[in-house]
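Me: I have a model open and some questions about it. Can we go through them one at a time?

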Amino acid sequence: MAFWNIQSVFSNFLFLQVDIRDKDGLEKVFASTRFDAVIHFAGLKAVGESVQKPLLYYDHNVVGTINLLEVMAAHGCKKLVFSSSAAVYGSPKNSPCTEDFPLTPHNPYGRTKLMAEEICRDIYHSDPEWNIILLRYFNPVGAHPSGYLGEDPCGTPNNLMPFVQQIAVGRRPSLTIFGNNYATKDGTGVRDYIHVVDLAEGHLFALKKLFESSSNIGLDKWLPPYIL
């Protein structure tokens, strides 16, 4: 379904479905054509599931990343934008959160992202031909203006926005907001959200500015759940 949605918006692209853990499959893809750079989104991202199935997350997010980097290197493709996460910070004590904050992830998902970052840093320092940008996301939300590309998960969503959308279209009766004693305007928790289109534009900018660094992706505008 996701492929057909993409095709309805963008027609000039080649789609090849390969599991990032399948190194032979990755090898065939890189042998089939020349790649100038890679934007690495592949992986699992549900925090709760990572606590229940940590080995699955280390397999996808860490082993899969190693596979990709090895195949890229073998084919002389050494420009990478890596999709990391603000989860690498754990629970920062101050806001806004900057790239030099301590990296203390609280769950397996965050730790897999931090491990992948460290691997990227190590290969960069070992081989100056690599150019790498690490982007740490803060709660992406929204959809493509066409309406064809957006988050519509099967089953119970892991993120807030799909819950809100399902309530808006009548698929769920209500939304439960947990906590009312936070140090915020109305007592509910707040988060820094970024629209997915802005995030996509950030990736295009990163492709033009490939160098070794870590960057946060967010707006530093903290919103309570009811605003969404």
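Me: Which residues form a nonpolar patch on the surface?
Reply: Leu-14, Leu-16 and Val-18, with about 280 Å² of accessible area together. Patches take residues with over 30% relative accessible area and no salt bridge, joining like charges within 9 Å and nonpolar side chains (Val, Leu, Ile, Met, Phe, Trp, Tyr) within 5 Å. Areas come from the Shrake-Rupley method with a 1.4 Å probe, and for residues only the protein chains shown count as cover.

Me: Before I go on, what sort of model is it?
Reply: It is a predicted model: local features need pLDDT of at least 70, side-chain atom pairs count only at pLDDT 80 or more, and totals for chains, interfaces and linings use all residues. Residues are numbered from 1 along each chain as its sequence is written, and side-chain values use heavy atoms, with hydrogens and water left out.

Me: Back to Leu-16. Where is it found?
Reply: In the loop between helix H1 (2–9) and helix H2 (23–32). Helices (H or I, at least four residues) and strands (E, at least two) are DSSP runs, numbered from the N terminus. Leu-16 has a relative accessible area of 45%, so it is partly exposed; buried means under 20%, exposed over 50%, partly exposed in between (1.4 Å probe, protein chains only).

Me: Now strand E3, residues 131–137. Buried or exposed?
Reply: Six of its seven residues are buried, so E3 is largely enclosed by the rest of the structure.

Me: How does E3 pair with E2?
Reply: In the parallel sense, over seven bridges, with E2 covering residues 79–85. Two strands pair if DSSP finds at least two bridges between them. Ser-84 has Arg-136 in E3 as its bridge partner.

Me: How many salt bridges does the structure hold?
Reply: Nine. One of them joins Glu-129 and Lys-78, at 3.2 Å from N to O. Glu-129 is in the loop between H5 and E3 and Lys-78 in the loop between H4 and E2, so the pair ties together parts 51 residues apart in sequence.

Me: How accessible are those two?
Reply: Glu-129 is exposed at 54% relative accessibility, whereas Lys-78 is buried at 17%.

Me: And what about Glu-70 and Lys-23?
Reply: Their side chains meet in a salt bridge at 2.3 Å, N to O. Glu-70 is in helix H4 (residues 54–74) and Lys-23 in helix H2, 47 residues apart.

Terms used:
Salt bridge = Lys/Arg side-chain N within 4 Å of Asp/Glu carboxyl O.
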